[in-house]
Amino acid sequence: MSAPEEVVTGGIEACVAGGPIDAILAGRFACREFREAPVARRTIEEILHVARFAPSGANIQPWRVYVLMGAVKDTVSAALLEAHNTSRNDHASEYKYYASDLPDPYLARRQEFGRLFYGSLGIHQADSEARSRQTAKNYTFFGAPVGLIVTIDRRLEVGSWLDLGMFVQNVMLAAAGRGLQSCPQETFAKYHRILRPLLSIPAEQMVVCGVSVGKAMVDGQQRLMPRADINEFATFLGFDGQN
C-alpha cells in the first residue's frame, strides 16, 4: 500500500483467538497499492462462488458484478481518468454516501481519517491538487490486475443495500482467504454515466462501488486507522454475573 492502514490497539494477535477466520477479518485492509502479479479468472470465480452465500432478505440476492481485466479494464481506467482530470465536477453519484451534516462521533472519525491517511502520504489536507492525484489512483484500481464494478437494481429498497454490503464483505474476505487483498471504492459510482455504456449496464442497475483485487505490494501490512473499542458501540443486556 501507498499508506499503511490501521494499527489496532493490542495488535491483531489480540483479535484472533477464534482461529483462522478471525485472522482473516482482523488482517483485511483497504489496499491502495497492488503488485502486477496476475490473478486467474478461476480464482475470481471461486471468490464469487463463495461470496454468493451472503444472506439476503427473502433470498432475492440483489447484487450484480462486472469483472474487469486486461484491455477492458484499461479502457475503463482511461475513460475515468480523463473525466477526473477534465470534467470531475460534471459527474455525481446517484446516491448519497455521507450525511450532509455528520454528527459526532462520525464527523470526528472522518476528520481523523483525513489527517492520518493524507499525513501518511505526506500530503497536506489543504493541497487539493495532491489530493486529486491520489484520488486519481482509484481509477487505475491502484494497479490491481482485477477490478469489480458492483451494481444494484434501483427499484429495490434500502434493506437490499444491507444485503449488498454483506455480499461485498464476503468478496473481500474470500479474496483475503486466498492471499489477496482488496479495496472497496465508492468513488466509481460518481462516473456511472461513463461506466454504463462501456460495460453495457442496464438502466435499472445503479452503480454502487468498485472493488480492486490483487496481491498487495507490501505483505503483512499494518493498519493505520484505529477502530472504536467494543464498549463504544455495544450494549450488553442480561449478562449479569458472566465474564
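User: What makes the approach between the side chains of histidine 91 and arginine 193 a polar contact?

Analyst: In this predicted model, the side chain of histidine 91 comes to 3.4 Å from that of arginine 193. The cut-off for a pair of N or O atoms is within 3.5 Å, so the pair qualifies as a polar contact.

User: Where does histidine 91 lie, and which residues does histidine 91 touch?

Analyst: Histidine 91 belongs to the loop between helix H3 (70-86) and helix H4 (106-120). Leaving out residues up to four places away in sequence, histidine 91 touches Ala83, Lys190, Tyr191, Arg193 and Ile194.

User: Why is histidine 91 called buried?

Analyst: The relative accessible area of histidine 91 is 12%. Buried means under 20%, and histidine 91 is therefore buried.

User: Arginine 196 is in helix H7. How do you know whether arginine 196 is buried or exposed?

Analyst: Arginine 196 has a relative accessible area of 17%. Because this value is under 20%, arginine 196 counts as buried.

User: What surrounds arginine 196, and which backbone oxygen lies 2.9 Å from a polar atom of its side chain?

Analyst: The backbone oxygen is that of glutamine 205. Beyond its neighbours within four places in sequence, arginine 196 is in contact with Glu94, Arg154, Ile201, Pro202, Ala203, Gln205 and Met206.

User: Which other residues of H7 are buried, and what covers them?

Analyst: Together with Arg196, the buried residues of H7 are His192, Ile194, Leu195 and Leu199. Their cover includes E1, H3, E2 and E4. H7 is followed by serine 200, which has a positive phi, near 55 degrees.

User: How do you know how many disulfides there are?

Analyst: The count is zero, the criterion being a pair of cysteine sulfur atoms within 2.5 Å. For cysteine 31, the nearest cysteine sulfur is that of cysteine 183, 7.4 Å away. For cysteine 209, the closest cysteine sulfur is also in cysteine 183, at 10 Å, which is too far for a bond.

User: Are cysteine 31 and cysteine 209 buried or exposed, and what makes them so?

Analyst: Relative accessibility is 0% for cysteine 31, and the relative accessible area of cysteine 209 is 9%. Each value is under 20%, so cysteine 31 and cysteine 209 are buried.

User: What is the overall fold pattern, and why is the protein called as compact as a globular protein of its length?

Analyst: The protein has seven helices and four strands, in the order α-α-β-α-α-α-β-α-β-α-β along the sequence. Its radius of gyration is 19 Å, close to the 18 Å that the globule rule gives for 243 residues, so the protein is as compact as a globular protein of that length. Along the principal axes, the C-alpha atoms fill a box of roughly 60 × 45 × 40 Å. Of the 243 residues, 39% count as buried.

User: Which residues touch the most other members of the largest nonpolar core, and which elements contribute?

Analyst: That core has 48 residues, among which Ile149 and Leu195 touch the most other members. Two or more residues each come from helix H2 (41-51), strand E1 (63-69), H3, strand E2 (146-153), helix H6 (158-176), helix H7 (192-199) and strand E4 (205-214). The largest share, seven residues, comes from H6. A second, separate core of five residues includes Phe117, Tyr118, Ala130 and Met225. In soluble globular proteins, nonpolar side chains tend to be buried together.

User: Where are glutamine 61 and phenylalanine 142, and how do you know how accessible they are?

Analyst: Glutamine 61 is in the loop between H2 and E1; its relative accessibility of 36% falls between 20% and 50%, so glutamine 61 counts as partly exposed. Phenylalanine 142 is in the loop between helix H5 (128-136) and E2; its 7% is under 20%, so phenylalanine 142 counts as buried.

Note on methods. Residues numbered from 1 in each chain as written. Predicted model: local features only at pLDDT ≥ 70, side-chain atom pairs only at ≥ 80, totals over all residues. Heavy atoms only, no water. Buried < 20%, exposed > 50% of the residue type's maximum accessible area, 1.4 Å probe, protein only. Polar contact = N/O pair within 3.5 Å; in protein donor to acceptor, adjacent residues only side chain to side chain. Contact = heavy atoms within 4.5 Å. Rg over C-alpha atoms; globule rule 2.2 N^0.38 Å. Core = buried A, V, L, I, M, F, W, Y, C linked by side-chain atoms within 4.5 Å.
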